[in-house]
Amino acid sequence: MKTMSRPTTKRTMKGMKNNGDDEDLISHLLDEVLCCIISSLSIDEAVKSSILSKRWRSPLWKYSSRLDFDVTHMIKPFSQLQNLVNFGLNLTIEEVAGRYGNLVNTMLNDHLGDLTSCSFRHFLQIISPKEVEVWIDCGVQKNKRLNSLTLECIHVILKVSQIFFDTPKAVRLDLQPKIFSNLFYLDLTNYILSESAPSAFEGCTNLKILKLKRVVMEDKTIKGILDNCLGLEKLTLIESIGFKKLKVRNPSLTTLELRWMFLCEIDVSVENLQFVVLDTLICL
């Protein structure tokens, strides 16, 4: 019985150069496709990918629907900070890591497309609260379609002693009224929310997912936030402190997650609640 064998003739791909070298096929993709690809990458990955195609060196990132700023992944500022720590270069931390803030400001101002998702991860010691507030204002006010926002403040460990003796700190945010009103998803990590914070959540009828991790706030602050987010479907509180009572009355809530919390009273009355995660709750 004879078996069929595959043809050995190689199919010539349209667009190959006469000298046998591969042409930059990525450059033939539509702008919409390239923007979709770039939108799935963090800023540093998008920069690295520029070597793949001449087209990617053009400012297509300005039309990306997602911007992800992570100081620990943005190679130049973070590597310079590591060198400063490890080799004692004659540079201040502010001079080195502060370049991250300048880069974020420039990219936010230069962005031209419809931004729907934005993420910021920054150093505690470097970026001032005012600068973080400017990022939020610029991202939200300039992009009315922005529906997902993630903010995380991280502590730079420069000495081993800081791990054992330094008290964790956070950035205090004074937010503009209704600044979060268009969001669907909001994630805040390691911040202090002032008494005026509830006003930032006014009109948050579209906010469905709220995650607060290591957030410091008083009783009236958390109460005011929840009262302004009646459409909330998922609430996550992790290691957040400053308040003693938690009262949840959000009618659309289906998922409640509480981890590592110190509370005197938890009062939850939600008819549609389906999933509850309770982990390490300490009653005061």
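Is Asp68 buried or exposed? I looked this up first: Asp68 is buried, because its relative accessibility is 15%, where buried means under 20% relative accessible area, exposed over 50% and partly exposed in between (1.4 Å probe, protein chains only).

**Ground rules.** I am reading a predicted model, in which local features need pLDDT of at least 70 and side-chain atom pairs count only at pLDDT 80 or more, while totals for chains, interfaces and linings use all residues. Residues are numbered from 1 along each chain as its sequence is written, and side-chain values use heavy atoms, with hydrogens and water left out.

**Overall.** I noted eight helices and eleven strands in the protein chain; these are DSSP runs numbered from the N terminus, helices being H or I of at least four residues and strands E of at least two. The chain has 284 residues, and 40% of them are buried. It exposes about 16500 Å², of which carbon and sulfur atoms supply 54%; accessible areas come from the Shrake-Rupley method with a 1.4 Å probe, and for residues only the protein chains shown count as cover.

**Strand β1.** I then looked at β1 (residues 66-70), which is largely enclosed by the rest of the structure because four of its five residues are buried. It pairs with strand β2 (residues 117-123) in the parallel sense over five bridges; two strands pair if DSSP finds at least two bridges between them. Arg66 has Ser117 in β2 as its bridge partner.

**Salt bridges.** I found ten salt bridges in the structure, each a side-chain nitrogen of Lys or Arg within 4 Å of a carboxyl oxygen of Asp or Glu. Asp68 forms one with Arg66, with the closest N and O atoms 3.3 Å apart. Arg66 is partly exposed, at 28% relative accessible area.

Arg145 and Asp114 form another, at 3.2 Å between the closest N and O atoms. This pair links distant parts of the chain, 31 residues apart: Arg145 is in the loop between α5 and β3 (148-154), and Asp114 is in the loop between α4 (93-110) and β2. Arg145 is exposed at 55% relative accessible area, whereas Asp114 is partly exposed at 46%.

For Lys223 and Asp227 I noted 2.8 Å between the closest N and O atoms of their salt bridge. They are separated by about one helical turn, because they lie four residues apart in helix α8 (residues 219-227). I also noted a network of salt bridges linking Asp70, Arg121 and Glu152.

**Core.** Which residues touch the most other members of the largest nonpolar core? They are Phe180 and Phe201, in a core of 57 residues; such a core is a set of buried Ala, Val, Leu, Ile, Met, Phe, Trp, Tyr and Cys residues joined through side-chain atoms within 4.5 Å. Helix α5 (residues 129-142) gives the most to this core, with five residues.

**Val248.** I placed Val248 in strand β8 (residues 245-248). It is buried, at 0% relative accessibility. Val248 and Ser269 are 21 residues apart in sequence and 6.3 Å apart in space, C-alpha to C-alpha. Leaving aside neighbours within four places in sequence, the contacts of Val248 include Leu226, Leu235 and Ser269, contact meaning heavy atoms within 4.5 Å.
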